[in-house]
Amino acid sequence: MTVAIQGGAAPGVDDPTASPATAAPATTFLAWVPGGLPAGFDDRVRALAETGPVATVAEDHAWLERSWSASGEVVDRTRAPYRLPIDTIAVDPASFGVFLSAHDRELAAPIASGQGVLSATSASLRNLGPGAVMRFTGGRTVRVAAVLPDAAIGGAELMVSRDTGRAIGARSDRYLLLRPADGHRMRSATLRPLLRSLLPDELGAAARVQVRTASETPLLRPGDAVLSTARTKALFGEFAARPEPGRPGYLDLEPGWVAEHLVTTRLPLLGRVTCHRSVIGALRGAMRELRERGLAGTIETYDGCFAPRLINRDPSAMLSHHSWGIAVDLNVAGNYYAMPPDQDPRLVRVMERWGFAWGGRFIVPDGNHFEYHREPAES
């Protein structure tokens, strides 16, 4: 589980992911568990004497078929069987509204009647605004009621009610927002063991707690160590896809997107790679530096880059950034998921210097994983 506290740091005025006008108070905490919240966890948190308001947030990718502008013009048009995966959170408007500013709470109120709210990045990416209509697989339509800063809805692309979420596919409880009860003062050092004690033993490697402050995380969302789906799309492009038939946890991407955004080439130390064209320069630079510094031996195996799939190939998980070809796996042997990582620290430092976040620092270590998280220079 990860716990983060949102403080009062003022973001840059040009940053679409945050806004002082919509920032949550300093006593708002985020709690999440890798793989989703265990059944009944949110109820156990609510039952604590130390906790006050608690909001449960479901999050999944809803599959968009088509969208129309407020004037009725077609904006998004997909061709079957490919659809656009939209990172969607589903909330109870009353409990989640506590964590919004009064202004944003009023704008988001229509989600109770089946409408939706877009994040600023999503609205820009989609070229949609209030009055637009989105149609998802199954035929359910959602009218856009408002556009809020990314931070207001945890960096997701779309926010809807719990009922609407169930209809369009956002059903998995991923995280909580919570505040201390009246008369109680929470600190991360005391909240961490308190929440850990509520986790079932069978979670194993996923039964982990991490504490962050607002200066350490730009958005109160799970997986804040890497780019949100909305920012990834804005930087590296948006693909249409479908679950790959016969391969649970894998995706079949629309061929035109693959042809436009991916490149296959040879790189020092790695050999033949297929990655997003925007990361090839940084990856080549990192490999050249390793070779020039006599550190070629720190890479024993290259184990892939582009792999269209969900995280850990779990059909209930969110999109892996391997689907964009912006992550590489190195030295898998000895650096398996959820095991203590064993990468050479010199390799890690070089990769991080070239913009690749190391999975060995994730809440559940993924020591072979290096994920690009800097904006491409041409952006």
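These legends describe close-up views of a predicted model.

The model is predicted: local features need pLDDT of at least 70 and side-chain atom pairs count only at pLDDT 80 or more, while totals for chains, interfaces and linings use all residues. Residues are numbered from 1 along each chain as its sequence is written, and side-chain values use heavy atoms, with hydrogens and water left out.

**View 1. The whole protein and its confidence.** The protein has 10 helices and 18 strands; helices (H or I, at least four residues) and strands (E, at least two) are DSSP runs numbered from the N terminus. Of its 379 residues, 54% are buried, where buried means under 20% relative accessible area, exposed over 50%, and partly exposed in between (1.4 Å probe, protein chains only). The mean pLDDT, the predictor's confidence in each residue from 0 to 100, is 90, and 90% of the residues reach 70 or more. Residues 1-15 stay under 50, and the model has 55 contacts for them beyond four places in sequence; contact means heavy atoms within 4.5 Å. Residues 17-26 are also below 50, with 23 contacts beyond near neighbours in sequence. Where pLDDT is low, the predicted coordinates should not be read in detail.

**View 2. The largest nonpolar core.** A nonpolar core is a set of buried Ala, Val, Leu, Ile, Met, Phe, Trp, Tyr and Cys residues joined through side-chain atoms within 4.5 Å. The largest one has 39 residues, and Leu-283, Met-351 and Phe-370 have the most contacts inside it. Elements that each supply at least two of its residues include α7 (229-236), α9 (277-292), α10 (345-353) and β18 (369-372). Helix α9 gives the most, with seven residues. Not counting residues up to four places away in sequence, Leu-283 touches Leu-267, Leu-270, Cys-275, Val-328, Met-351 and Phe-356. Apart from this core lies another, of 24 residues, among them Leu-100, Ala-152, Ile-153 and Tyr-175.

**View 3. Helix α7.** Seven of the eight residues of α7 are buried, so the helix is largely enclosed by the rest of the structure. The buried residues are Thr-229, Ala-230, Arg-231, Thr-232, Lys-233, Leu-235 and Phe-236. Just after α7, Gly-237 takes a positive phi of about 100°.

**View 4. Ile-89 in strand β5.** Ile-89 is found in β5 (residues 84-91) and counts as buried, at 0% relative accessibility. Leaving out residues up to four places away in sequence, Ile-89 touches Val-57, Ala-58, Glu-59, Ile-153, Ala-156, Leu-158, Met-159, Val-160 and Tyr-175. Ala-62 is 27 residues from Ile-89 in sequence and 9.4 Å away in space, C-alpha to C-alpha.

**View 5. Asn-368 between two strands.** Asn-368 lies in the loop between β17 and β18, and is buried at a relative accessible area of 6%. Its side chain reaches the backbone oxygen of Asn-335 at 2.9 Å. Beyond neighbours within four places in sequence, residues in contact with Asn-368 include Val-328, Asp-329, Tyr-336 and Gln-343.

**View 6. The largest pocket.** On a 1 Å grid over the protein atoms alone, a pocket is an open set of points with protein on both sides within 12 Å along at least five of seven lines, where a 1.4 Å probe fits; lining residues have an atom within 4 Å of a point. The largest pocket has a volume of about 1100 Å³, the space filled by probe spheres set on the points, which are joined across faces, edges and corners. Its lining has 45 residues, of which Trp-32, Gly-223, Ile-311, Asn-312 and Phe-362 lie nearest the centre. Strands β11 (210-212) and β18 each supply at least two lining residues.

Notes:
Polar contact = N/O pair within 3.5 Å; in protein donor to acceptor, adjacent residues only side chain to side chain.
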